[in-house]
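Please keep the sequence and the structure in view while reading.

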Amino acid sequence: MVLSLLLMLLVLAVAFRQSTFGLFSALLMTVMTLCCAAAAIGLHEWAAVNWLAPYWKPDYSYPIALAALFGIPLILVRLLFDQTITRACLLPVWLDRAGGAVCGLVTGLTTIGVLALCLQMIPFGRSILGYSAVNSYALDNPTDTAPTPPTGPDAIVRVTEPSRGLWLGPDRFATAVASLMSAGIFSGERNFYLDNPEFAEWISLVNAVPSEVSRFTKPGSISVESTGRVDSVFKMTPGDSRENRPDAYEPIDPPPGLQFRVVRLHLGPGARDGNKS
């Protein structure tokens with residue numbers, strides 16, 4: 001968990017640094033950071049698909065778009081505020097430092113959270129400095145120790161593994177900020193949370209593949225062939241051969257008013273890897 005330790009230390013370092021600036025400066029930085037993070041997380045997918053993916057490696061377009069949309073506006077806005085607001089509020093030193101530390105903690109969680117999201121989007125493989133959000137066993141050997149899984153014309157088995165998560169959860173904190181603000185001042189035709197209810201977990205699952213496997217492809221290279229309702233869905237929890245515990249299959253139902261559907265896709269030449277899949 002080297003990555004978790006490094007990110008946690010960075011969060012604490014940002015909080016300490018902001019505390020030395022005082023409450024007023026740290027509060028301004030917190031507001032700017034929250035706004036830039038919400039805007040960047042909400043817009044990075046559109047920017048990656050339309051500006052970067054068609055012209056360069058799609059696997060790298062998402063982290064680059066997120067980092068650029070967050071970092072560049074934050075630096076510019078901070079420089080603008082430093083030029084226009086030059087006086088801090090007059091408060092007792094202890095209150096100034098304590099308030100700055102609280103605001104710095106929020107700033108650190110948000111900033112390092114965006115950094116964590118960018119790192120997890122980069123195709124390093126299944127492990128980043130010892131951190132892996134998803135157990136590779138659940139992906140490579142879903143039925144090695146299991147009895148025959150449920151079958152049927154409409155049966156689907158969903159392999160699940162609890163997400164381990166980073167210490168302090170900075171990536172989930174930044175995502176929560178974007179989700180909250182996407183229903184407010186940063187809302188548009190589409191709500192970020194409704195489209196991405198588990199954004200951090202989605203990133204972990206998408207990146208839980210070998211680095212040589214493409215995770216994204218150029219727009220237009222994948223098309224939908226058909227879609228249909230799925231009547232039977234099972235949540236599969238991997239067992240443990242050392243404890244002689246088989247895999248478990250638990251039927252799950254969709255939320256009220258919703259239904260499970262299977263989508264069949266057609267991969268064009270631009271979306272196929274070396275093994276044509």
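## The surroundings of isoleucine 41

Once its neighbours within four places in sequence are set aside, isoleucine 41 is in contact with Leu66, Leu117, Ala174, Thr175, Ala178, Phe192 and Phe199. The model is a predicted one, and local features are reported where pLDDT is at least 70.

## Nonpolar cores

Isoleucine 41 belongs to the largest nonpolar core, which has 23 residues, and together with Leu66, Phe70, Val114 and Phe199 it is among the members that touch the most others. The elements that contribute two or more residues to this core are α2 (23-52), α3 (58-84), α4, α6 (170-182) and α8 (199-206). Helix α2 supplies the largest share, with eight residues.

As general background, nonpolar side chains in soluble globular proteins tend to be buried together.

## Overall organisation

The protein contains eight helices and five strands, and from the N terminus on these elements follow the order α-α-α-α-α-β-α-α-α-β-β-β-β. Among contacts between residues at least 6 apart in sequence, 79% join residues that are at least 24 apart.

Of the 277 residues, 35% count as buried. The accessible surface amounts to about 16300 Å², and carbon and sulfur atoms account for 62% of that area.

## Aromatic pairs

How many aromatic pairs does the count come to? The count comes to four. In one of them, tryptophan 56 and tyrosine 60 form a tilted pair, with a distance of 5.7 Å centre to centre and an angle of 45° between the planes. Tyrosine 60 counts as partly exposed, because its relative accessibility is 30%.

The ring centres of phenylalanine 199 and tryptophan 202 lie 5.8 Å apart with the planes at 25°, so this pair is stacked. Both residues are in helix α8, where they are three residues apart, about one turn of the helix. The two partners can also be described by their accessibility: phenylalanine 199 counts as buried at 3% relative accessibility, whereas tryptophan 202 is partly exposed, with a relative accessible area of 34%. Ring pairs link Phe192, Phe199 and Trp202 into a cluster.

Met1, Leu5, Leu9, Leu12, Leu105, Trp167 and Leu168 make a nonpolar surface patch of about 630 Å². The largest share of the patch, three residues, comes from helix α1 (residues 2-21). Leucine 105, another member of the patch, is placed in helix α4 (residues 93-121). Is leucine 105 buried, partly exposed or exposed? Leucine 105 is partly exposed, because its relative accessible area is 37%.

## Loop residues with positive phi

Leucine 168, which takes part in the nonpolar patch, lies in the loop between β1 (155-159) and α6. Although leucine 168 is not a glycine, its phi is positive, at about 70°.

Asparagine 244 likewise is not a glycine and has a positive phi, in this case of about 55°. Its place is in the loop between β3 (232-237) and β4 (248-252). Asparagine 244 counts as exposed, because its relative accessible area is 69%.

Key. Residues numbered from 1 in each chain as written. Predicted model: local features only at pLDDT ≥ 70, side-chain atom pairs only at ≥ 80, totals over all residues. Heavy atoms only, no water. Patch = residues over 30% accessible without salt bridge, like charges linked within 9 Å, V, L, I, M, F, W, Y side chains within 5 Å. Areas by Shrake-Rupley, 256 points an atom, 1.4 Å probe, with all protein chains shown as cover. Salt bridge = Lys/Arg side-chain N within 4 Å of Asp/Glu carboxyl O. Helix = DSSP H or I, 4+ residues; strand = E, 2+ residues; numbered from the N terminus. Buried < 20%, exposed > 50% of the residue type's maximum accessible area, 1.4 Å probe, protein only. Core = buried A, V, L, I, M, F, W, Y, C linked by side-chain atoms within 4.5 Å. Contact = heavy atoms within 4.5 Å. Phe/Tyr/Trp six-rings, centres within 6.5 Å; stacked < 30°, edge-to-face > 60°.
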